[in-house]
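This report walks through one protein chain, part by part. Keep the sequence and the 3D view at hand while you read.

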Amino acid sequence: MDWLMREKQEHTSPCWTRMTPPSSFCLLLLQALGIVALGHFTKAQNNTLIFTKGNTIRNCSCPVDIRDCDDSLANLICSCKSVLPSAMEQTSYHGHLTIWFTDVSTLGHVLKFTLVQDLKLSLCGSSTFPTKYLAICGLQRLRIHTKARHPTPEQSLLIHSRREGSSLYKGWQTCMFISFLDVALFNGDSSLKSYSIDNISSLASDFPDFSYFKTSPMPNNRSYVVTVIY
């Protein structure tokens, strides 16, 4: 009888007994194990997730989509590293990029002069934003979600299906498809909208209100497609 009792004790889970429910840590662990198991059965590429943690930016590679604004789960499931905002550089994301943010300055650090094709933006705070435009290169699809302030269903927008001419991103001056995102859309006052203008040859003269083209002049011997998202 003693050996039977010892065997039962050895096989008792620390997360569950007959008398006590599982702890919050164990629930999180079980959820994480379920997500990892699901990731093994799917062939999706790793997604890039970026969010803020204190004064740093967390850059993560995740095997599956993580529930919006759940940084604890992201740190558990994903492979993450910390980067100072000042160390963010021009780069390109040819897969899925998800950004959780609470303020526009963080979003600006990540998106400034960046090539992104498939982007999801999730507002995790309760701030309201005035009209301010962020420039994105090569954007094809955008999804937005507001988690904390007036939670709303996710909205999606297909901008275009054309790709940048070169798969190697060589800087802002090589961008042919430019999107301007008005961060005031996260206030939830209206649905997601956009309009595009083709065959723009002089960005500085046709869009004088956008300071990007003054600080980073663009060649005038090209044909650009400009999309405004609001």
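## Terms and ground rules

Buried means under 20% relative accessible area, exposed means over 50%, and partly exposed lies in between (1.4 Å probe, protein chains only). Both Cys 137 and Cys 175 are buried by that rule.

This is a predicted model, in which local features need pLDDT of at least 70, side-chain atom pairs count only at pLDDT 80 or more, and totals for chains, interfaces and linings use all residues. Residues are numbered from 1 along each chain as its sequence is written, and side-chain values use heavy atoms, with hydrogens and water left out.

## Disulfides

A disulfide is a pair of cysteine sulfur atoms within 2.5 Å. The structure holds 4 of them.

Start with Cys 137 and Cys 175. Their S to S distance is 2.2 Å. The torsion about the S-S bond is about 115°, so this disulfide is right-handed. Cys 137 sits in strand S6, while Cys 175 sits in the loop between strand S8 (155-158) and S9. The two cysteines are 38 residues apart, and the pair links distant parts of the chain. Helices (H or I, at least four residues) and strands (E, at least two) are DSSP runs, numbered from the N terminus.

Next comes the disulfide of Cys 62 and Cys 78, with sulfur atoms 2.1 Å apart. This link is right-handed, with 105° about the S-S bond. Cys 62 belongs to strand S2 (residues 56-62), and Cys 78 to the loop between helix H3 (71-77) and strand S3 (79-83). They are 16 residues apart. Cys 62 and Cys 78 are buried.

Cys 69 and Cys 124 form another disulfide, with sulfur atoms 2.0 Å apart. Its S-S torsion is about -85°, so the disulfide is left-handed. Cys 69 lies in the loop between S2 and H3, and Cys 124 in the loop between S5 and S6, so the pair ties together parts 55 residues apart in sequence. How accessible is Cys 69? At 22% relative accessibility, Cys 69 counts as partly exposed. Cys 124 is partly exposed too, with a relative accessible area of 23%.

## Nonpolar cores

A nonpolar core is a set of buried Ala, Val, Leu, Ile, Met, Phe, Trp, Tyr and Cys residues joined through side-chain atoms within 4.5 Å. The largest one has 30 residues. Those with the most contacts inside it are Ile 99, Leu 111, Leu 119, Leu 121, Leu 142 and Ile 229. Which elements give two or more residues to this core? They are strand S4 (92-101), helix H4 (104-111), strand S5 (114-123), strand S6 (133-137) and strand S7 (141-146). Apart from this core lies another, of 14 residues, among them Leu 115, Leu 203, Phe 207 and Phe 210.

A contact means heavy atoms within 4.5 Å. Not counting residues up to four places away in sequence, Ile 229 touches residues including Leu 139, Leu 142, Leu 157, Ile 159, Phe 180 and Leu 192.

## Aromatic pairs

Rings of Phe, Tyr and Trp (its six-membered ring) pair if their centres lie within 6.5 Å; planes under 30 degrees apart count as stacked, over 60 as edge-to-face and the rest as tilted. A search of the whole structure finds 4 such pairs.

One of them joins Phe 101 and Phe 186 edge-to-face, at 5.0 Å centre to centre and 80° between the planes. Phe 101 is in strand S4, and Phe 186 is in the loop between strand S9 (177-182) and strand S10 (194-200). They are 85 residues apart. Phe 101 counts as buried, at 1% relative accessibility. Phe 186 is buried, with a relative accessible area of 1%. Ring pairs link Phe 101, Phe 129 and Phe 186 into a cluster.

Is S7 mostly covered or mostly open? It is mostly covered, with 5 of its 6 residues buried. Two strands pair if DSSP finds at least two bridges between them. S5 and S7 run parallel, joined by 6 bridges. Ser 122 stands opposite His 145 in S7. S7 and S8 pair in the antiparallel sense over 4 bridges. There, the bridge partner of Ile 144 is Gln 155 in S8.

Thr 146 also lies in S7. Thr 146 is buried, with a relative accessible area of 6%. Thr 146 and Trp 100 are 46 residues apart in sequence, and their C-alpha atoms are 9.8 Å apart in space.
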